[in-house]
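Please keep the picture in view while I talk.

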Amino acid sequence: MFQLPSAPPAAIACVRSHSPDLHITGTVSFFCCGGGTLVVADICGLPADPSGGRGIHGFHIHEGPCCTGADFADTGGHFNLENRPHPQHAGDLPPLFACRNGHTLCVVLTDRFRPADVVGRTVVIHSDADDLMTQPAGNAGKKIACGVIRSL
């Protein structure tokens, strides 16, 4: 049986949008867990589907160290420790599904990296779903929110 860690996270990113049209905020926490990492994303303000359903958003760890540049260009490409094709990058995470109120809570257990591997890199949320095929990054659309991963 899986049990959530009782220790504080090893690293955290405070995620924000910078567009006047979007008000995305939240945290992504990284916990040491076995031989990998438990990633917990708690995000508010994600755009939902215009029909009132759920919006699906690409969610990745990017190689770049900062959330600067036009449309977060300085985040660079996906974090890819082993030079693998998409969607096998270490930084490829499952999509975020926005509820009608724009909130999402996503919990992912991965063995592709440990918290220390991603400190100083960035978490990026995209405008669209990752198609899990297009190279090199899944055609997930514009980068709409970002946070720098810092150790605690």
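Let me begin with S2 and S3, which run antiparallel and are joined by 9 bridges; strands here are DSSP runs of E with at least two residues, numbered from the N terminus, and two strands count as paired if DSSP finds at least two bridges between them. This is a predicted model, in which local features need pLDDT of at least 70 and side-chain atom pairs count only at pLDDT 80 or more, while totals for chains, interfaces and linings use all residues. Residues are numbered from 1 along each chain as its sequence is written, and side-chain values use heavy atoms, with hydrogens and water left out.

Within this pair, Cys32 stands opposite Thr37 in S3, and the hairpin has 2 residues between the strands, with Gly34 taking a positive phi near 60°.

How do the 8 strands line up? They form an open, antiparallel sheet in the order S5-S4-S7-S8-S1-S2-S3-S6. Because strand S5 (92–98) and strand S6 (104–110) stand at the edges with a single partner strand each, one side of each has no neighbour in the sheet. From one strand to the next, the twist averages 20°, taken between axes that are lines fitted to C-alpha atoms, with angles running from 0 to 180 degrees between N-to-C directions.

Technical notes: Helices (H or I, at least four residues) and strands (E, at least two) are DSSP runs, numbered from the N terminus.
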